[in-house]
Amino acid sequence: MVDIQSLVRKNVRNLKPYSSARDEFKGSASVWLDANENPNNNGLNRYPDPLQKKLKARISELKNVPTENIFLGNGSDEAIDLLFRGFCEPRKDKAVICSPTYGMYQVSADINDVEMVELPLTLDWHLPLEHLRSLFSDDYMKLIFICSPNNPTGNSMNRQEILTLVSEFNGLVVVDEAYIDFSETESLTSELGKFNNLVVLQTLSKAWGLAGIRLGMAFANSEVIDVLNRIKPPYNVNQLTQEVALKELADEAAFKKEVDAILSERTRLKTELSKLKRVEKIHPSDANFLLVKFVKAKAVYKALTEQGIVVRDRSKVAYGCLRITIGTSEENTQLLAELKKLES
Ligand SMILES: *Cc1c(COP(=O)(O)O)cnc(C)c1O
């Protein structure tokens, strides 16, 4: 087991967190004159629950993770930022990513003035185990970010390799599972009981179709969760978000149906794309996007935008590749039609 307290920034360890009116009074009451709110009920005049207890209870049920091991934030981007703020001393501590990967880890490190070590993924886009291991003797190395399934490559990392790293590393291993619901692989949340330095990130922004409400989840040992709760803005998840999330999370069947539809479109798009001469390679995907290598990717990108179709140009980080999100059946058909026009 890792000594979590020894990883926490000293100022955070010594911090007396902000205590809101809603934190201080525990019990039931009918007259609330403690928070300088407007008393006229319009459904939103009260501050939201700072610890989102109802929502966490539902997420706990869905994910089979106890509520004390759940942190909720304004998108998983907030959890990423809070991990830096809680565990990395600026200009001293370090973190590591394996590229190409999601851009926010680097941005968050830069904002927090934390040095990011960037290692390349292997040629088939798996974890560079030995390279990572060679960093373990550095006492300032605090966070490893592993994105699985990875954005933008689409593949999942090897579960056993991730767990090996978790068991050998003396800092936190953060596994970003933003795309886990599109994957056959099992979430690492089932391993939380065995490792107190494992942090799993998930989000409602992708499979759940709720990018607009901004709700991200971090699952970890309660000591890690407590650190995030100590430093978060008190009301980081607003009332509207909590209400909409609860309502949407009630209907798991509808969610599964949508995910299935996206997955069958992914299969269709892959089959159809592979017939095109411009398409050199379609990378295996466990996510709701395909990373596709094109002959003259930039020209394809430009031709598509001229038809009002926007894909993501990833040719700088993955040579010759565009990242294509799986759209509705109609959208995918439209995309294929435009690509076919480029063949002649
Ligand atoms: C889209 C995405 C997220 C989502 O972030 P939110 O702030 O929850 O919307 C997180 N991680 C990765 C790798 C992503 O691609």
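**The domain interface and selected residues**

Analyst: In this predicted model, 17 residues of domain 1 are in contact with 17 residues of domain 2.

User: Which residue ranges does the domain assignment give, and what distance separates the two centres?

Analyst: The assignment places residues 4–250 of the protein chain in domain 1 and residues 253–341 in domain 2. Taken over C-alpha atoms, the centres of domain 1 and domain 2 are separated by 29 Å.

User: What area is buried between domain 1 and domain 2, and which three residues of domain 1 supply more of its share than any other three?

Analyst: The area buried between the two domains is about 1400 Å², with carbon and sulfur atoms giving 65% of it.

User: How many salt bridges and how many residue pairs in polar contact are found between domain 1 and domain 2?

Analyst: The side of domain 1 that touches domain 2 divides into 8 nonpolar, 8 polar and 1 charged residues. Across the interface the rule finds 0 salt bridges, while the residue pairs in polar contact, both at pLDDT 80 or more, number 4.

User: Where is Ser 156 found, is Ser 156 buried or exposed, and with which side chain does its own side chain make a polar contact?

Analyst: Ser 156 is found in the loop between strand 4 (141–147) and helix 8 (159–168). Because its relative accessible area is 11%, under the 20% cut-off, Ser 156 counts as buried. Leaving aside residues up to four places away in sequence, Ser 156 touches His 126, Ser 148, Pro 149, Ser 183, Thr 185 and Asp 286. The side chain of Ser 156 makes its polar contact, at 2.4 Å, with the side chain of Asp 286.

User: Which residues does Gly 75 touch, not counting residues up to four places away in sequence?

Analyst: Gly 75 lies in the loop between strand 1 and helix 5 (76–87), and Gly 75 is classed as buried because its relative accessible area is 0%. With those sequence neighbours set aside, the residues that Gly 75 touches are Arg 214, Leu 215 and Gly 216.

User: Which residues of helix 4 are buried, and which elements are included in what covers them?

Analyst: In helix 4 (residues 53–63), the buried residues are Leu 55, Lys 56, Arg 58, Ile 59, Ser 60 and Lys 63. What covers these residues includes strand 1 (70–73), strand 6 (198–203), strand 7 (216–220), helix 9 (222–231) and helix 10 (239–249).

Conventions: Residues are numbered from 1 along each chain as its sequence is written. This is a predicted model: local features need pLDDT of at least 70, side-chain atom pairs count only at pLDDT 80 or more; totals for chains, interfaces and linings use all residues. Side-chain values use heavy atoms; hydrogens and water are left out. Domain bounds come from an automatic or database domain assignment. Contact means heavy atoms within 4.5 Å. Buried area is the accessible area (1.4 Å probe) that two parts lose on being put together, summed over both. A salt bridge is a side-chain nitrogen of Lys or Arg within 4 Å of a carboxyl oxygen of Asp or Glu. A polar contact is a pair of N or O atoms within 3.5 Å; within protein, one must be able to donate a hydrogen and the other to accept it, and residues adjacent in sequence count only if both atoms are side-chain atoms. Ala, Val, Leu, Ile, Met, Phe, Trp, Tyr, Cys and Pro count as nonpolar, Asp, Glu, Lys and Arg as charged, and the others, Gly among them, as polar. Buried means under 20% relative accessible area, exposed over 50%, partly exposed in between (1.4 Å probe, protein chains only). Helices (H or I, at least four residues) and strands (E, at least two) are DSSP runs, numbered from the N terminus.
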